[in-house]
Amino acid sequence: IRTRVAIVGAGPAGLILSHLLADAGIESVVIDQRSRAEIETTIRAGILEQGTVDLLTAIDPGTRVHTVGQRHDGIELRFQGEGHRIDFPGLVGRSVWLYPQHEALKDLLALRLSQGQDLRFGATAVRVEGVDTATPQVSGTDADGAEFVIDAEFVVGADGSRSVVRQAVAGSSRDGHFREYPFAWFGILCEAPPSAHELIYSNSDDGFALISQRSPEVQRMYFQCDPDADPNALSEAEIWETLQRRVPGTTLTEGRIFQRDVLRFRSFVAHELRHGRAALVGDAAHTVPPTGAKGMNLAVADVIILARALEALLVRNDERLIDAYAETALRRIWKAQHFSWWMTSMLHVAPGTSDFDRLRQIGELRSVVESEAGRTFLAEAYTGWPVES
Ligand code: DHB
């Protein structure tokens with residue numbers, strides 16, 4: 001297989017990149033080890049920044065983000081049983097959209113396939129070689145077990161936190177800046193009407209809970225749990241009791257729980273985002289804890305920066321933007337790392353927290369919600385900073 005850019009991973013990053021490259025007249029091949037059905041049904045993030053929605057709309061005026069998705073003009077921070085609304089348009093003139101990632105992926109897959117994108121499911125990348133030459137290669141195994149080799153001019157790792165491309169870029173697949181957290185999220189999907197019309201991020205003495213939504217009939221909720229928790233160990237009644245206790249002041253509308261999972265928390269930034277003719281985007285380059293919903297949005301921002309750099313390199317033979325890719329992307333990545341860490345540490349109650357730290361945390365939450373500067377800082381980050389040029 002011969003192409004100009006080999007993209008490993010058909011998540012939001014890989015698919016959007018293939019689109020932006022096609023717009024610039026650059027041909028690519030996208031491979032993913034998963035099946036199309038698996039990509040379209042795996043439950044992931046739910047919140048899109050204004051800039052992400054603007055991009056999805058520009059590349060696909062038919063995107064269902066405006067019909068199936070819902071605009072949210074604020075969130076509520078709750079602590080000591082009281083809610084405090086952060087009004088996004090009033091503070092920063094922007095909003096966010098609740099639109100599940102797998103719905104965005106259905107739109108993007110249909111769009112790319114209708115435009116003739118070479119997109120191969122069930123194709124596993126095994127090795128990336130030659131990134132120090134002008135003709136890097138990706139080799140692997142396709143859905144039928146047959147071996148393939150892609151000869152390209154550039155290789156992009158959009159292949160998630162267990163990236164295969166990372167090895168060729170960062171030297172080792174684990175080389176990076178790390179932080180672990182002493183808690184995780186227990187997530188559920190349930191059949192019930194919404195319990196609130198906006199998201200509630202609730203800090204309570206028992207720990208954190210997040211009340212999110214998916215649709216008028218399906219709701220997504222999370223509560224802080226032990227990282228080693230077994231998602232099947234709790235009864236439905238125990239799950240509801242935990243959630244209710246952590247959102248004092250609101251009575252949640254209960255319903256049948258049809259999915260449960262435990263999401264581990266980790267902050268990670270690879271030491272290198274680009275080496276020769278290979279680069280990393282999205283979760284292959286970095287991971288953020290979920291609080292604040294930065295993961296997918298950060299992947300989209302990486303892709304915008306990389307697409308410009310690849311256009312300069314492959315159309316105009318200008319290496320300046322690709323040489324600056326890592327530094328440019330890292331400015332936003334570290335802001336998002338800080339925001340995700342800050343929202344996490346401000347809202348969760350770490351096991352063994354001292355009285356001092358618990359009371360300091362309430363002081364921190366008050367200093368955000370009682371100050372326009374504090375609310376504006378949160379709203380700017382949550383709705384998304386402008387993409388670096
Ligand atoms: C959701 C996930 C998040 O991490 C977040 O901050 C907000 C919402 C969600 O899955 O709905």
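Modeller: Two strands pair if DSSP finds at least two bridges between them. Strands (E, at least two residues) and helices (H or I, at least four) are DSSP runs, numbered from the N terminus. This is a predicted model, in which local features need pLDDT of at least 70, side-chain atom pairs count only at pLDDT 80 or more, and totals for chains, interfaces and linings use all residues. Residues are numbered from 1 along each chain as its sequence is written.

Colleague: How many bridges join S4 to strand S7?

Modeller: Strand S7 covers residues 96-98 and runs antiparallel to S4. The bridges joining S4 to S7 number three.

Colleague: In what order do the strands of the open sheet lie?

Modeller: The edge strands, each pairing on one side only, are S3 (47-49) and S4 (70-72). The pairing is antiparallel. The order of the three strands is S3-S7-S4.

Colleague: Are H8 and H9 roughly parallel or antiparallel to each other?

Modeller: Helix H8 (residues 295-316) packs with helix H9 (residues 320-347) at about 170°, their axes 9 Å apart. Axes are lines fitted to C-alpha atoms, for helices over the stretch in contact, and angles run from 0 to 180 degrees between N-to-C directions. Angles over 145 degrees count as roughly antiparallel, under 35 as roughly parallel, 65 to 115 as roughly perpendicular and the rest as oblique. H8 and H9 are therefore roughly antiparallel.
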